[in-house]
Amino acid sequence: MSEPEPVPTSGPDDYRDRVFERIPASYRPWLHLASTVTLGGAAVALGAWRLRAPSLVELLAVPAMFVVSNGAEWWAHKELLHRRRRPLQELYDRHTPQHHRVFREDDMAVRAPKELKLVLLPAVGVLAVIAAAAPLSAFAGACLGQNVGWLVLMTSALYVVSYELTHMLYHLPADGVVGRSAIVRALRAHHARHHDPRLMQRWNFNVTIPLFDWLCGTIARPDEATRPRARRREREPCSTRS
Ligand SMILES: [Zn+2]
Ligand SMILES: [Zn+2]
């Protein structure tokens with residue numbers, strides 16, 4: 001595979017100001033958030049409506065799909081948001097040169113509600129995730145029963161809502177009631193390290209829970225940013241790079 005495209009390593013405030021100015025005056029961040037959460041919630045509600053007294057064994061589909069979703073999050077962040085691939089180059093363009101250039105490890109919080117446009121998923125992105133899970137849901141439903149199929153769909157929808165809310169939380173001021181809790185502080189620190197331009201292409205790709213970062217050995221060490229590049233390459237068992 002070819003090397004990823006060079007990414008900007010400096011983010012002057014005038015760039016942030018220009019991005020901010022391009023956000024339409026009509027943009028309403030809370031409507032944006034409501035649209036993504038409602039879409040995910042609607043898929044969960046649809047599944048809950050179709051469920052028929054699932055057994056304990058069928059409910060194992062929830063943790064199983066959580067793990068699959070966590071792996072998909074890790075892979076998509078690493079391979080689609082940090083590598084520019086046709087026809088999904090829009091994902092890269094919104095993420096690496098923009099989201100990462102505006103928000104830095106030591107400057108993670110939005111400065112105005114409108115900047116949430118640079119953090120939240122587009123509603124179509126939530127739909128795409130649910131649509132991507134639909135074939136797996138249908139397959140599980142056909143092989144293991146309808147309840148399992150619906151639980152797979154519900155878990156994937158719930159997961160994408162969790163991604164949306166946790167990522168937003170990391171980019172809100174850290175002194176909020178929820179943001180001050182120990183678990184959120186730990187998860188924010190994990191994501192903030194990913195916002196170090198020296199680390200973002202290789203480390204800390206999970207946003208919700210760093211399960212696959214742990215499984216794949218992509219949790220950045222405290223001194224990772226200052227280690228020689230050759231030695232950083234030693235630890236990447238899940239790397240798809242040749
Ligand atoms: Zn972020
Ligand atoms: Zn990233």
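Is the crossing of helix 2 and helix 6 left-handed or right-handed? The crossing is right-handed; a crossing counts as left-handed if the near helix is turned anticlockwise from the far one by less than a right angle, and as right-handed if clockwise.

1. Basis. This is a predicted model, in which local features need pLDDT of at least 70 and side-chain atom pairs count only at pLDDT 80 or more, while totals for chains, interfaces and linings use all residues. Residues are numbered from 1 along each chain as its sequence is written, and chains are lettered from A and ligands numbered from 1 in the order in which they are written.

2. Overall make-up. The chain has ten helices and zero strands; helices (H or I, at least four residues) and strands (E, at least two) are DSSP runs, numbered from the N terminus. Of its 242 residues, 28% count as buried. Buried means that 20 or more other C-beta atoms lie within 10 Å of the residue's own, exposed means 12 or fewer, and partly exposed is in between, with C-beta atoms placed from the backbone. Contacts are pairs whose C-beta atoms, placed from the backbone, lie within 7 Å. Among contacts between residues at least 6 apart in sequence, 68% join residues at least 24 apart.

3. Helix 2 against helix 6. These two helices pack at an angle of about 20°, with their axes 8 Å apart. Helix 2 is therefore roughly parallel to helix 6. Axes are lines fitted to C-alpha atoms, for helices over the stretch in contact, and angles run from 0 to 180 degrees between N-to-C directions. Angles under 35 degrees count as roughly parallel, over 145 as roughly antiparallel, 65 to 115 as roughly perpendicular and the rest as oblique. Ser35, Thr36, Leu39, Gly40 and Ala43 of helix 2 meet Ala123, Val126, Leu127 and Ile130 of helix 6 in this contact.

4. Nonpolar core. The largest nonpolar core has 24 residues, of which Val152, Leu153, Ala157 and Val160 touch the most other members. Such a core is a set of buried Ala, Val, Leu, Ile, Met, Phe, Trp, Tyr and Cys residues joined through C-beta atoms within 7 Å. Two or more residues come from each of helix 2, helix 4, helix 6 (123-144) and helix 7 (146-170); helix 7 gives the most, with eleven. Leaving aside residues up to four places away in sequence, valine 160 touches Gly40, Val126 and Val129.

5. Helix 5. The 14 residues of helix 5 (residues 89-102) should span 20 Å at 1.5 Å a residue, and the end C-alpha atoms are 19 Å apart, which agrees. The expected span is 1.5 Å times one less than the number of residues. Leu91, Thr96, His100, Arg101 and Val102 are buried, and the buried residues of helix 5 pack against helix 1 (13-22) and helix 4 (61-81). Tyrosine 92, also in helix 5, counts as partly exposed because 19 C-beta neighbours lie inside 10 Å.

6. Backbone points to check. Most residues other than glycine have a negative phi, and most peptide bonds are trans. A cis peptide bond, with omega about 0°, joins arginine 86 and proline 87; proline 87 lies in the loop between helix 4 and helix 5. Alanine 53 has a positive phi, near 40°, and is exposed, with 6 other C-beta atoms within 10 Å. Asparagine 204 also has a positive phi, about 55°, but is buried, with 23 other C-beta atoms within 10 Å.

Key. Two residues are in contact if their C-beta atoms, placed from the backbone, lie within 7 Å.
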